[in-house]
Amino acid sequence: MNKHLIMAALCCYSSFSFAGFDVITLGAKGGIQDGNLTAFMLKSNTDNNYITLDAGSIVNGLIAATNKGAFNDMMAPISSPYTQEGYILTQKIQGYFISHAHLDHIAGLIIASPDDSNKPIYALPSVHQTISQDYFNWKAWPNFTSQGEGFKLGKYELAPLTINQWLPIANTELKVKAFPLSHSGAESTAFLFKNAANEVIIYLGDTGPDAVEKSTALDTIWQQIAPYIQQKKLKGIFIETSFSNSTPDKLLFGHLTPRWLLTELDSLAGYVGGEQPLKDLNVIITHIKHSLKKGTNPQTVIEQELQADNKLGVNFIFTEQGDRTLL
Ligand SMILES: [Zn+2]
Ligand SMILES: [Zn+2]
């Protein structure tokens, strides 16, 4: 068999056993840079439609992704009335998953809402309550949802998630299961997504470490996802590292540092068991805060601190706005 045939055989064999996920970073930062706040597009590699993981920045992220060529294989048809970013927003994004209602996770959705297409906003009931009462209430913003105060424009269905229960996501091949997270008094959410090949990927919204939050939320999630790692079905973990190790616990306000993330990953490794159980696991670092101070870039410090103590051998991934990443 010549080299090309071997490559083709490998390609086709792997497409049966492995689909993977496609991620586009719309917003990479945990604050304070408006226009680049936490949001990712996600789909299965065997699917055409995306959902978003949080929605801190939407249109600005779509413009950045268009400029970086992330949508070169899904160009708006000539007949479409939309720009490229308009086409992706209105035709390709089939729903939003909001981990919690802090502005840095939902501002992009609110601002884009007048020109958005109809789609569900998936979240836990406590998150929907804040979205409905505090944003789409005709005082902060017109009510584009189908519930809550005043006239309902009905563009967004607030689709509730039930903790620890699989739910099919309309117009995609994905299913989702939600888990609560503890975020300094606020309820945040982790979303576990499964594709048609039974592969999974997990996205965690803002969270503090269990020890600081006096919670077992992360411990519960680690127990739940350990079997997928044993079966080599987990394609990646999105998790925050907002601050560097120099931040004392009392100033974390429901966030993680490199030290705390590594501690949490150690507990996950304990549930998986065996030799180097998390070796090469994709861990996508989210929510690093933009800094207004001169000197070292927080991302450089966080990256160094994570790598310096990476005894587990995980594959830390740092993405920038507009990047497309296959996992
Ligand atoms: Zn946040
Ligand atoms: Zn938050």
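This is a predicted model: local features need pLDDT of at least 70, side-chain atom pairs count only at pLDDT 80 or more; totals for chains, interfaces and linings use all residues.
The buried positions are Q84, G86, Y87, I88, L89, T90 and K92. The elements that cover these residues include the strands β2 (39-44), β3 (50-53), β4 (93-97) and β5 (119-123), together with the helices α2 (59-67) and α4 (107-112). Strand β4, one of the elements covering α3, is itself largely enclosed by the rest of the structure, because five of its five residues are buried. Strand β4 is joined to β3 by three bridges in a parallel arrangement, and within this pairing L53 has F97 of β4 as its bridge partner. Strand β4 also pairs with β5, again in the parallel sense, over two bridges, and here Y96 stands opposite I121 of β5.

A further sheet is open and consists of seven strands in the order β7-β8-β9-β10-β11-β12-β13, with mixed pairing. Strands β7 (167-168) and β13 (315-317) stand at the edges, each with a single partner strand, so that one side of each is left without a neighbour in the sheet. Within this sheet, β8 (residues 175-183) and β9 (residues 186-194) run antiparallel and are joined by nine bridges, and A178 has F191 in β9 as its bridge partner. Helix α7, formed by residues 217-230, lies across β8, β9, β10 (200-204) and β11 (234-240), and runs at about 150° to β8. Among the residues of α7 is Q223, which is partly exposed, with a relative accessible area of 43%. The C-alpha atoms of Q223 and S267 are 9.0 Å apart in space, although the two residues are separated by 44 positions in sequence.

Nine salt bridges are found in a search of the whole structure. One of them joins D73 to R324, with the closest N and O atoms 2.8 Å apart. Because D73 lies in the loop between α2 and α3 whereas R324 belongs to strand β14 (residues 324-326), the pair ties together parts that are 251 residues apart in sequence. The two partners can be described by their accessibility: D73 is exposed, at a relative accessible area of 58%, while R324 is partly exposed, at 31% relative accessibility. Both residues also belong to a network of salt bridges that links D22, K43, D73 and R324.

A salt bridge between K119 and D116 has its closest N and O atoms 2.7 Å apart, and K119 and D116 are both buried. In another pair, the side chains of E149 and K139 meet in a salt bridge with an N to O distance of 3.0 Å. E149 and K139 are 10 residues apart, and each is located in the loop between α5 and β6. Of these two residues, E149 is partly exposed, at 36% relative accessibility, and K139 is exposed, with a relative accessible area of 66%.

The loop between α5 (125-135) and β6 (156-160) also contains W138. Together with F151 and L153, W138 makes a nonpolar surface patch of about 340 Å². W138 counts as partly exposed, because its relative accessibility is 42%.

Conventions:
Residues are numbered from 1 along each chain as its sequence is written. Chains are lettered from A and ligands numbered from 1 in the order in which they are written. Side-chain values use heavy atoms; hydrogens and water are left out. Buried means under 20% relative accessible area, exposed over 50%, partly exposed in between (1.4 Å probe, protein chains only). Helices (H or I, at least four residues) and strands (E, at least two) are DSSP runs, numbered from the N terminus. Contact means heavy atoms within 4.5 Å. Patches are made of residues with over 30% relative accessible area and no salt bridge: like charges are joined within 9 Å, nonpolar side chains (Val, Leu, Ile, Met, Phe, Trp, Tyr) within 5 Å. Accessible areas come from the Shrake-Rupley method with a 1.4 Å probe; for residues, only the protein chains shown count as cover. A salt bridge is a side-chain nitrogen of Lys or Arg within 4 Å of a carboxyl oxygen of Asp or Glu. Two strands pair if DSSP finds at least two bridges between them. Axes are lines fitted to C-alpha atoms, for helices over the stretch in contact, and angles run from 0 to 180 degrees between N-to-C directions.
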